[in-house]
Amino acid sequence: MATRPDALPSDPILAAIGRAPRVQRLTPEQRAELEQDLADIAAGRARLVAHEDLPQALEELSRKHDG
């Protein structure tokens, strides 16, 4: 298979990035909320829950909120 001498090398990562959908940038309010969430996580103020444990964690949170 012949290649053109001026052709760029094929890079699957760059190709995937090129195909990725474009997203809207965060609003200043969204950015502030994200920064606060990250600060809470870094400071240990956030409860991180594994995906498979989420239903139980939400149920516990609901009981605390209701009672």
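Hi everyone. Read along its sequence, this protein chain runs α-α-α, with three helices and zero strands; helices here are DSSP runs of H or I of at least four residues, strands are E runs of at least two, and numbering starts at the N terminus. It is a predicted model, so local features need pLDDT of at least 70 and side-chain atom pairs 80 or more, while totals for chains, interfaces and linings use all residues. Residues are numbered from 1 along each chain as its sequence is written, and side-chain values use heavy atoms, without hydrogens or water.

Let's start with helix α2, residues 28–42. Just after α2, Gly-44 has a positive phi of about 80 degrees.

Now, the salt bridges. There are four in the structure, each a side-chain nitrogen of Lys or Arg within 4 Å of a carboxyl oxygen of Asp or Glu. Among them, Glu-35 pairs with Arg-31 at 3.8 Å, N to O. Those two sit four residues apart in α2, so about one helical turn separates them. Another joins Glu-60 and Arg-47 at 3.4 Å. Glu-60 lies in helix α3 and Arg-47 in the loop between α2 and α3, so this pair ties together parts 13 residues apart in sequence.

How much of the chain is buried? Of 67 residues, 3% count as buried, meaning under 20% relative accessible area, with exposed over 50% and partly exposed in between, using a 1.4 Å probe and protein chains only. Arg-47, at 56%, is exposed, whereas Glu-60, at 23%, is partly exposed. Thanks, everyone!
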